[in-house]
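Thanks for making time this morning; I would like to walk you through one model, taking it a piece at a time. Please have a look at it first.

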Amino acid sequence: MSEFVGMNVSVIIPAHNAGDTIEKVLQSLLDQTFQHWEAIVVDDGSIDGTEDVVKKFVERDSRFRFLSQQQMCVSVARNNGIKLARFDWLVFLDSDDWILPRHLESLTGLLNADPSLDVAYCGWAYVTPDGERVFEEFYGKVGDLFADYTTCCVSVIHTYIVKRSLVIAVGGFDASFRTCEDWDLWQRIARTGARFGGVGETLAVYRMRPGSATRNGRQLLKDGIRVLNQGHAPDLRIVQLHPVYPNGLPKEQLTKNKFDLLSACAGYAIGTGDDARPLLEELKGEKCLTLNPYEVAKCIFRHAMVSASRPRSEWYKLWTGFEGKVEDFLVALEAHSGTPGLACRARRFANNLVMKYAKDPEFIRRLGSLQAHLILGIPSSMQKMSRRVDKVQKILKRSSRVALLMIPEVKNFSKNMRRLLKPRKKKKIALSAEKSNPRAHFEKLFSKHPDPWNYTNPYEQTKYQQTLSLIPDGLIEEALELACAEGHFTVQLATRVKHLLAADISQIALSRAAERCKNFKNVVFQCIDITKDPIPGQFDLIVCSEVLYFVGDCNQLRATVAKLVNCLKPGGYLLMAHANLIVDEPNHPGFNWDHAFGAKVIGETFARDHYLEFKKELRTPLYRIQLFRRKTRTNFFSHHRAPEVIELAQHGPLPSKVATQVLWNTVKLPILRYRHVGPIKSNTQKLSTVTPETFEEQLCYLRDTDHQSISLYEWLYAVHSKTPLSGRKVLITFDEGCHDFLTYAWPLLKRYGFSATVFLITDRIVRSNSQYQNHQEETTPLSWREIRQLQSEGINFGSYSISHPDLTSIPLREALREIRESRAILEKELGIYISSFAYPYGKFNRLIEYLVGICGYDFGLTFESSLCTMSHSLLALPRIKIEDSESLGNFAAKLLNPSEERALVMSGAKNFS
């Protein structure tokens, strides 16, 4: 038993007519491995035997306490429990849910390990009334989660442990909410700047109950919209606001978030047999043209099944009954939102989800045939023709389907041509305050907020070090720093130069910079507006960072280029660092700032100047650092040389203020290929095994850089719609499916909030079940029982053939058997639709690729080491091999460009000489 001295937890349990469920809830507290707790049961006017059940536990253990009140609501009951709590940490546990034995131990352990945390939460499982786990969830993000709570409720209420003082400080639960009161509370807590920690293990159980009050789709939507609106506006209920969020988040994503909530509430309504279309009235007059059909389908499917609260063996019957209501809602949603093709695509994805989770093999075959019929579009009249003609027709249609998988861009050729030929309208840019009167704007900014951009955080300091790394070796004679702000970079630059002129448009900022640099006698300060004022002198180095967005339009930028070039001595250097903006590259990550251009356009504009030579560029996902040199002799007829480009990975988590301004888009998907995770016991294992320590380090990096794991079908949607996936996505795969995945990899994946796809060699599973019973060496294949367990916890499975041969070196008939029968075995044993195939040894050709498509697979995965693009064949997707020997820097670099021969680093580059 593990106990933590000094940590005590009060568990608040509101109860109303819970006589048939609360015994299990209270027993789950007695089963805890952590003993420093008390439980306060607040009876909210029950008229059944709830009080009798609770009092038996009160008599049995003094840690239980009981309070009775007139029926009011669950929020009032929880608030009264909070008043009675004796301890500093709270857990809110409903009377029909329960927690698993290590819940309190794991969460308090995390809080002890990191005292800076204010809240910790864990994963949870949905459980049917008969005890079957059907979904397991864990959000996975940590740190500042306010932006996340403005989009959804991150977790269910009994997964959290939170400081009592923090709950009281934000006012407790708001009794004006009928539902979503917990979401509202966590959003307010996050808005104070509270830090959240996460334990990826499933430690809480959510009981699915038909007729539950929380399944009221209409009320959930109303209350949820209220929470969403509150997250994008001032919240007067909070006294101590985090300075970053006084007015909430910008409203650009608010409408999209409302439609996402609508899909969830529609699922709840459909699961109870109701018509979901009336819910659209709550979003009257609102449009969203970019709804993701896969997300809509997943949301409706999951919430419908939770609402219906039936075991998985009955889901295919339920879905058959729901199909009409789902179809009606999707058609209405498409018309209301304005998203083209939404209904058809979402219906197809929903059918795939049913095939994944339903356990009835006959239903899977029937639905799979129906899906193929819809995709291939076989005319009904062809069914009346002879069997031979029908067979030819099927082969032709299957071949057409495979062709679209192998060459996905063909499908959108005509649409792309129409888009290309359509005349573009010029965007009118309105002048903001900082552009129309920049000096007044920045004086006001610095007077209100010292260090308004928080230049002391690790993100900015790393950028400073990378910028300094490009300065030539030796002491620079004369240097100019434009837009020095309050001198955070100036104090570092001053050690590298003999004379430094530091300039800024704000006199207030210059005063603070002078104070910060008072020990440096080689620095002088001057107020300069780069667009209006002359720049005095000639310089060997000009540093001009995070400022050129503000000069105005491209014409003014070109004028600024000429101005700066004239101030450079022949052979002098110009060094800049600017952020990547969405306006430059809409399909790439960047900041959504209101400027006419970002780092890419700034660099290209300077590169076109005949007096400058573009020497080097450090590129990261969010900014670029660019070094230019003024030519000593100018040849107007010479070609510009391409600069040396070094790709850098994102270095750790972003500051919360920065993170909310970034739009991530995934147009190139990294698919990671692992084989084994476990201890390395011999040299022969080094090439195929990653140690748990290395694997955890890699997952931690993925989490800290806001990566999220996705399924292959989400990538399929992106390819077919030619729409980048929002956010930073990654797909993690494992080959062979050995026991070390269950022992080492899966616990870490759950802890950090990632999923995976595992490819199985079916013949080895069959032999392992008979030859290696109760034998759990790392290289032993998983058993069918273990595979089904992982399947229930959210792991996806694909085929790795029957016996793992080189398919290109065996007869085609044998290759066809390996491809087709492995899929049949997996579908029979697991009762799911197997959609992906990994080529053994990565060896394939176009004919093998074609056979994989003909056998019904939607995806084929290779050993080609590159990022997956939208032009790749879906039956030949590349994967990036991950080895234990590579550093975290190389791992991060592979997420950018795994085929790059030049060594890529995370934190800097060698000095330019």
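I will start with a sheet, go on to one residue beside it in my notes, and finish with a helix.

Please keep in mind that this is a predicted model, in which local features need pLDDT of at least 70 and side-chain atom pairs count only at pLDDT 80 or more, while totals for chains, interfaces and linings use all residues. Residues are numbered from 1 along each chain as its sequence is written, and side-chain values use heavy atoms, with hydrogens and water left out.

The sheet is open and mixed in its pairing, with eight strands in the order 12-11-10-13-14-17-16-18; strands here are DSSP runs of E, at least two residues, and helices are runs of H or I, at least four residues, both numbered from the N terminus, and two strands pair if DSSP finds at least two bridges between them. Strand 12 (523-527) and strand 18 (644-647) are at the edges with a single partner strand each, so one side of each has no neighbour in the sheet. Within it, strand 10 (residues 476-482) pairs with strand 11 (residues 497-504) in the parallel sense over five bridges, and E478 stands opposite H499.

Now to T490, which belongs to helix 19 (residues 490-493) and is buried, with a relative accessible area of 0%, where buried means under 20% with a 1.4 Å probe, protein chains only. Leaving aside neighbours within four places in sequence, T490 has contacts (heavy atoms within 4.5 Å) that include E481, L500 and V523.

Finally, in helix 25 (residues 712-721), 10 of the 10 residues are buried, so this helix is largely enclosed by the rest of the structure. After helix 25 comes K722, with a positive phi near 55 degrees.

Terms used:
Buried means under 20% relative accessible area, exposed over 50%, partly exposed in between (1.4 Å probe, protein chains only).
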